[in-house]
Amino acid sequence: MTWVINIRDFKSIADECMKDIKVSEELKDKTLMCCQKKRNINLNIRVNRLLVPAASFVLILATVGVLNLLPPKTGTGEDNAAQPNIMAATDNAMEVAPGQTTVDILSGPDSEAIESWSVTNPDEARKIFGDAFIMPGYIPEGFKLEGILASGYKGEMADKIILNYVKEELSFSITEETKALEDEFSGYKKIDINGVSGYLKEDGTEVHWFLDGVHYSVAGHISSDEALRVAASMKR
Amino acid sequence: MYFLSVPKENNPEKVAKKNIDQELQRLMDVYGNDVLRTSYMYLKDMQKAEDAFQEVFIKIYNKFDSFKGESSEKTWIIKVTINVCKDMLRNSWIKRVLLTDRIKTSGRTSDIEGRIIKRDENKALFDEVLSLPAALKEVIILYYYHAYDTAEISKILNVAEGTVRSRLHRARTMLKGKLEGRIDLGD
């Protein structure tokens, strides 16, 4: 068998060989979630960086207070007077320092901007997303809820919630999104989820359905059957 | 408290930072497949390629400010991808020793790899490129897959342009030997 391959065709050959390698929405969501976590950690570090100098400042104030109030040859009785003054200096400094850091770090992101943040539990997710938020009644065995990510315009209700489930190396996510348009799902199999129409992609499992203007989806490293069971278990 | 706070400044740089999530989403939409496929070719493993993808975009996210537009957005992202993959290869022996559990691949991943293996004879070239030594493979990927010229490649890899040319030459010779003359190198 003889054939000649032109290396100049490497791009098309490689793309053909890798046509199944595409970035899934799940991978993007997971990546965004990781970035989010790192940003929170960095924020904490920044808080610490500001608090350490603030604490040092307090210490300096206190020390100066002590030195000023303790003359080289202390007379009797003056030691007692020094004590309340040290405390006063400390208190004042403490009032200023944390207040300043709060303003610097937490002061307003632009209200027009979309932000994402981690949510600690499903109840909180319901509070910020509203009654359209649904937790699944069924989760494939061994999977655990690893994190909840919300996004939306600052100061408004969240318009997207992502629930991430993991089991060792495997993971899948449930996405709930308001303000979503019913995209074209060409190539997807039409299915029924609790009486509303939905879409299934079996290759790299994805299940999508729309209910009262909310786009729900289940996607990731689980079989189509499992994904459909999860979807069917999501009832208001 | 966070919601109630009043925006203090309208500095455009700060505002840009606030849109960083959207920007990351856009970059993943536009360049995601390039990053994932480049990582796959470099690392020859779907799970590792996905790990690399995450690492690349985390780096991009953290280094947003340092992108000065000296190169194109794509070149910047591909450079980060190559560096992340290099680090992963360098550290792979540590992972093999310490984190053997992580080497398990998911069902979906091995399906993809299985399907890839069945391809036609063009696959021979793809396989041979993937099994080249890293230093030769990266020039082939950058030159033939991403269509960068040798000057651009020298900037991405931080090596002299002459080195890029000699690596390209060595890579072509090696491929010719492996594919026993079935390859047209367009010389």
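Before selecting anything, one term: two residues are in contact if their C-beta atoms, placed from the backbone, lie within 7 Å. Helices (H or I, at least four residues) and strands (E, at least two) are DSSP runs, numbered from the N terminus. This is a predicted model, where local features need pLDDT of at least 70, side-chain atom pairs count only at pLDDT 80 or more, and totals for chains, interfaces and linings use all residues. Residues are numbered from 1 along each chain as its sequence is written, while chains are lettered from A and ligands numbered from 1 in the order in which they are written.

**Stop 1: chain B, a helix pair**

Select residues 20-43 of chain B, helix α2, and residues 46-62, helix α3. Their axes come within 8 Å and cross at roughly 145°; axes are lines fitted to C-alpha atoms, for helices over the stretch in contact, and angles run from 0 to 180 degrees between N-to-C directions. Now show side chains: on α2(B), the residues meeting α3(B) include L24(B), L27(B), M28(B) and L36(B). Among their counterparts on α3(B) are A52(B), F53(B), V56(B) and F57(B). By class, this contact of α2(B) with α3(B) has 16 nonpolar, one polar and one charged residues. For that tally, Ala, Val, Leu, Ile, Met, Phe, Trp, Tyr, Cys and Pro count as nonpolar, Asp, Glu, Lys and Arg as charged, and the others, Gly among them, as polar.

**Stop 2: another pair in chain B**

Go to helix α7 (residues 134-145) and helix α8 (residues 150-157) of chain B, whose axes come within 10 Å and cross at roughly 130°. That angle makes α7(B) oblique to α8(B); angles under 35 degrees count as roughly parallel, over 145 as roughly antiparallel, 65 to 115 as roughly perpendicular and the rest as oblique. E138(B), V139(B), L142(B) and Y143(B) of α7(B) make the contact with I153(B), I156(B) and L157(B) of α8(B). Sorted by class, that contact has six nonpolar, no polar and one charged residues.

Zoom out, and chain B has nine helices and one strand. Of its 187 residues, 33% count as buried, meaning that 20 or more other C-beta atoms lie within 10 Å of the residue's own, with C-beta atoms placed from the backbone.

**Stop 3: chain A and its strands**

Switch to chain A, with five helices and nine strands. Buried residues make up 28% of its 236 residues.

Select β6 (residues 189-193) and β7 (residues 196-201) of chain A, which pair in the antiparallel sense over five bridges; two strands pair if DSSP finds at least two bridges between them. I193(A) stands opposite V196(A) in β7(A). In the turn of this hairpin, N194(A) takes a positive phi near 45°.

Click G198(A): its bridge partner in β8(A) is W209(A). Four residues lie between these strands, and G204(A) in the turn has a positive phi of about 75°.

**Last stop: β9(A)**

Finish on β9 (residues 214-220) of chain A, where five of the seven residues are buried. Which strands pair with β9(A) here? β8(A) does, in the antiparallel sense over six bridges, and six bridges also join β9(A) to β5 (residues 170-177), again antiparallel. Check E206(A) opposite A219(A), then F172(A) opposite G220(A). D212(A), in the turn of the β8(A) and β9(A) hairpin, has a positive phi of about 50°.

Definitions and conventions. A residue is buried if 20 or more other C-beta atoms lie within 10 Å of its own, exposed if 12 or fewer, and partly exposed in between; C-beta atoms are placed from the backbone.
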